[in-house]
Amino acid sequence: MNHHPKPETLAAYAAGALDEARAIALAAHLAMCVECRRGVADFEAVGGLALEALDGESMSPGALERFWSRAGLQEKAGAAPSFGGDIRIPEALRRHIDGDFDGIAWKPVSKGFSQAVLDAKGYRSGALRLFKIDPGIRMPRHSHGDAEFTLILKGAYEDELGVFGRGDFADLDGEDVHGPRAIGEEPCICLIATSAPLVFRGLFEKIAQRWVGV
Ligand SMILES: [Zn+2]
């Protein structure tokens, strides 16, 4: 696995600031990536400490202990992935997909390229879809009006940013332009989450806006 979410994306996930579609895509990557699970746990711990600091002007008694206790979550977060025998569909996606990728109602878009739109009905839903791209087929070069996550679930593709295989995560902003081409022997199946604009909510709002810089 060579491509991971940006640190600010992990922070936004920890702060509950991602829309449903992007949170699902990120959770599916976390199910496959111990490194990023640790990153999210770190941001959660740091967020807890920062909240303590905001609560009172100076840090309240016991805050440091609570920080380390929260940081202890790192071990738990680094535990084995929770999905069972079937590693083809990450657990975070299971409730969005009935059965295997073969059971999906693929809709042809063009030669060698089909898609399926998934439900993402939670917080500021965003748009979530699966792409299936046959080997050798190249998507037209495009940029994105807004942030887009792509998680490779099966097969591989190559674009201006490199080679993306199973578990790899393309964390693209609106400026990135790419034209992925499926490579290898099997179709490339990837999960695409397109965002609603990033808006922070709840207690994390102030610190997240300050720390993440959005
Ligand atoms: Zn990762």
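Predicted model: local features only at pLDDT ≥ 70, side-chain atom pairs only at ≥ 80, totals over all residues.

Trainee: Fine. What follows H1?

Mentor: Gly-16 follows H1, and its phi is positive, near 70 degrees.

Trainee: And which residues of H1 are buried?

Mentor: Thr-9, Leu-10, Ala-11, Ala-12 and Ala-14. Ala-14 belongs to H1, which covers residues 7–14, and has a relative accessibility of 14%. That counts as buried because the cut-off is under 20%.

Trainee: Let's zoom out. How many helices and strands are in the chain?

Mentor: Seven helices and eleven strands. The chain has 214 residues, and 45% of them are buried. The chain exposes about 10800 Å², of which carbon and sulfur atoms supply 54%.

Trainee: What share of the contacts joins residues 24 or more positions apart?

Mentor: 68%, taken over contacts with a separation of 6 or more.

Trainee: Switching to charges. How many salt bridges are there?

Mentor: Two. One is between Asp-19 and Arg-22, whose closest N and O atoms are 3.1 Å apart.

Trainee: Are those two residues buried or exposed?

Mentor: Asp-19 and Arg-22 are both buried.

Trainee: OK, and which side chains meet at 3.9 Å, N to O?

Mentor: Glu-158 and Arg-181. That pair links distant parts of the chain: Glu-158 sits in strand E6 (residues 156–159) and Arg-181 in strand E10, 23 residues apart. Glu-158 is partly exposed at 34% relative accessible area, and Arg-181 is partly exposed too, at 29% relative accessibility.

Trainee: Now Glu-148. Which side chain of opposite charge is nearest to Glu-148?

Mentor: Arg-129, but it is 7.5 Å away. Glu-148 is buried and has no salt bridge.

Trainee: How many aromatic pairs does the structure hold?

Mentor: Three. In one of them, Phe-149 and Phe-169 are tilted, with 4.9 Å from centre to centre and 55 degrees between the planes. This pair also links distant parts of the chain, since Phe-149 is in strand E5 and Phe-169 in strand E8 (residues 169–172), 20 residues apart.

Trainee: Why do you call Phe-149 buried?

Mentor: Because its relative accessible area is 1%. Phe-169 is buried as well, also with a relative accessible area of 1%.

Trainee: Phe-169 again... what is His-29 in contact with, away from its sequence neighbours?

Mentor: Phe-169 is one of its contacts. Leaving out residues within four places in sequence, His-29 is also in contact with Met-1, His-3, His-4, Pro-5, Cys-36, Leu-151 and Gly-167. His-29 lies in helix H2, residues 20–30, and counts as buried at 0% relative accessibility.

Trainee: Last one: where does Glu-186 lie?

Mentor: In the loop between strand E10 (181–183) and strand E11 (188–194). Glu-186 is partly exposed, with a relative accessible area of 35%.

Trainee: And what does the side chain of Glu-186 reach?

Mentor: The backbone nitrogen of Gly-155, at 3.3 Å. Outside the four places either side in sequence, Glu-186 is in contact with Pro-135, Lys-154 and Gly-155.

Trainee: How far apart are the C-alpha atoms of Glu-186 and Lys-132?

Mentor: They are separated by 10.0 Å, and the two residues are 54 apart along the chain.

Notes
Residues numbered from 1 in each chain as written. Heavy atoms only, no water. Buried < 20%, exposed > 50% of the residue type's maximum accessible area, 1.4 Å probe, protein only. Lys, Arg positive; Asp, Glu negative; His and termini not counted. Salt bridge = Lys/Arg side-chain N within 4 Å of Asp/Glu carboxyl O. Helix = DSSP H or I, 4+ residues; strand = E, 2+ residues; numbered from the N terminus. Contact = heavy atoms within 4.5 Å. Areas by Shrake-Rupley, 256 points an atom, 1.4 Å probe, with all protein chains shown as cover. Phe/Tyr/Trp six-rings, centres within 6.5 Å; stacked < 30°, edge-to-face > 60°. Polar contact = N/O pair within 3.5 Å; in protein donor to acceptor, adjacent residues only side chain to side chain.
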